[in-house]
Amino acid sequence: MPIPAPALEALSALLGARLSTSGADRDLHAQSETFHRAPPPDAVAWPLSTGEVSRIAAICRAHHVPMIGWGTGTSLEGQALAPQGGLVIDLSKMDRVLEIRAEDMQVSVQPGCTREALNTELRATGLFFPVDPGANASLGGMAATRASGTTAVRYGTMRDNVLGLEVVLADGQVIRTGTRAAKSSAGYDLTALFVGSEGTLGIITELTLRLHGQPEEVAAAVCGFPTLEQAVECVTATIQSGIPMARIEFVDADVVRAFNNVSGAQMHEGPHLMVEFHGSPTSVKGDAEAFGALAAEFGGTGFDWATTPEARAALWKMRHNTYRSCLALRPGATAVVTDVCVPMSHLPAAVAAAAEDIRAEGLLGPIVGHVGDGNFHAQILVMPGDEAELAAAKRVATRMAERAIGVGGTITGEHGVGIGKKPLMPAQHGPAIAVMAAIKQALDPEGVLNPGKLVPQMG
């Protein structure tokens, strides 16, 4: 059902040229990084302030218009798509760094501010924001999906680094959650409720974030292994040994082939670990030596150290470009991207089982992972329109998720649920899914906030 004319008139009066119903703008906001597809939204809005978002929400709720928040459009599970039509609220123009409180190691930002823009702003302070999902995502979107990334093993995820939020609720009411204090025992943790809610409970319009000191010394390296099992077992042993890794990433032989093809790397086509250490010169040297000795026990060889900031930047740029590089292994393909996270003791078996499933289905599915916290991904390449291939890829993804649940893990470590993993939510949460649905019903009884995502709508 299209947006009613009175709602469009009210939105146009509020936003002027920052409301669009053009086909080009609507199509731009119907794109997904992966295989998920949905029709374009009926309109797109670009607010400039919390006040405007509040008024947009009030108009949309009064006319039963679905509202879908949009950051940079880099989500992988269709979170920002509009399967029921409605209004996409593009927050990219709300992109300011509002206040840096260096002595408190905190910053307040608008949701459209990206992590790269924030860290550029912080350069002179000696501080940085560490959560690094790879894409230059918006911080509002990262909070909404409870994102993490390559540095989570040391610095935590968005859950650990969001101290407070300003949120517009479905009826336009504006609330603030959390405080600037280091801790609080005052009531329900509403900040945690909205972090990871994927725009289904409210629209984030401001974030207060925890900052960290820039490390005095950084060292990074790539190390090859004879087999997938040896590489992943080395990760488990490293974490259990207590070596303080800043990053420890796994890539399999297919990913290395993609790196060599696209980035000009000259790595042998086998599994590798990509590691980084942060600290003082003495501690970094000791940590690197300890890891090197441990890796050798698992057959690790050929350490290639990135000794300059430029070399480290090139190394992690290559890692962050994994998705695009792997798509090039099969020109024209899209991807089903898995995202399971398991307890560390189950990581080697989970990765090996996933690799075997991919082989058994006759698919090409490079495997990568932020394996320091048990999180890994298979990027299963499928051709658009090949329903048999898509079904096979989904079978692999479902089995990976079921195995993760079976050992106490999760169907998604960082990508979120969206529309892609929503069918798996009851298997992970059991009766608790009804509690989530009740919270959704309480905060959004009309079902206008990002409908069709994350949890079932009651009533």
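Analyst: By class, the lining of the largest cavity comprises three nonpolar, five polar and no charged residues; here Ala, Val, Leu, Ile, Met, Phe, Trp, Tyr, Cys and Pro count as nonpolar, Asp, Glu, Lys and Arg as charged, and the others, Gly among them, as polar. The lining residues are Gln31, Ser32, Trp70, Gly73, Ser75, Gly78, Ala80 and Leu81. The volume of this cavity is about 30 Å³, and the count comes to one cavity of 30 Å³ or more. A cavity is a set of points on a 1 Å grid over the protein atoms alone where a 1.4 Å probe fits but cannot get out, and lining residues have an atom within 4 Å of a point. Grid points are joined across faces, edges and corners, and a volume is the space filled by probe spheres set on the points.

The model is predicted: local features need pLDDT of at least 70, side-chain atom pairs count only at pLDDT 80 or more, and totals for chains, interfaces and linings use all residues. Residues are numbered from 1 along each chain as its sequence is written, and side-chain values use heavy atoms, with hydrogens and water left out.

Helices (H or I, at least four residues) and strands (E, at least two) are DSSP runs, numbered from the N terminus. Four strands form this open sheet, in the order 1-2-4-3 with mixed pairing; two strands pair if DSSP finds at least two bridges between them. Strand 3 runs parallel to strand 4 (residues 87-90), joined by four bridges, and Met67 stands opposite Leu87 in strand 4.

As for the helices, helix 1 (residues 5-15) and helix 3 (residues 50-62) pack at an angle of about 170 degrees, with their axes 10 Å apart. Axes are lines fitted to C-alpha atoms, for helices over the stretch in contact, and angles run from 0 to 180 degrees between N-to-C directions. The two helices are therefore roughly antiparallel (an angle over 145 degrees). Ala7, Ala10, Leu11, Leu14 and Leu15 of helix 1 meet Glu52, Arg55, Ile56 and Ile59 of helix 3, contact meaning heavy atoms within 4.5 Å.

Helix 3 also lies across strand 8 (162-168), strand 9 and strand 10, at about 50 degrees to strand 8.

Key. Parallel < 35°, antiparallel > 145°, perpendicular 65-115°, else oblique. 1 Å grid on protein atoms, 1.4 Å probe; cavity = no way out; pocket = protein on both sides within 12 Å on 5 of 7 lines; lining within 4 Å.
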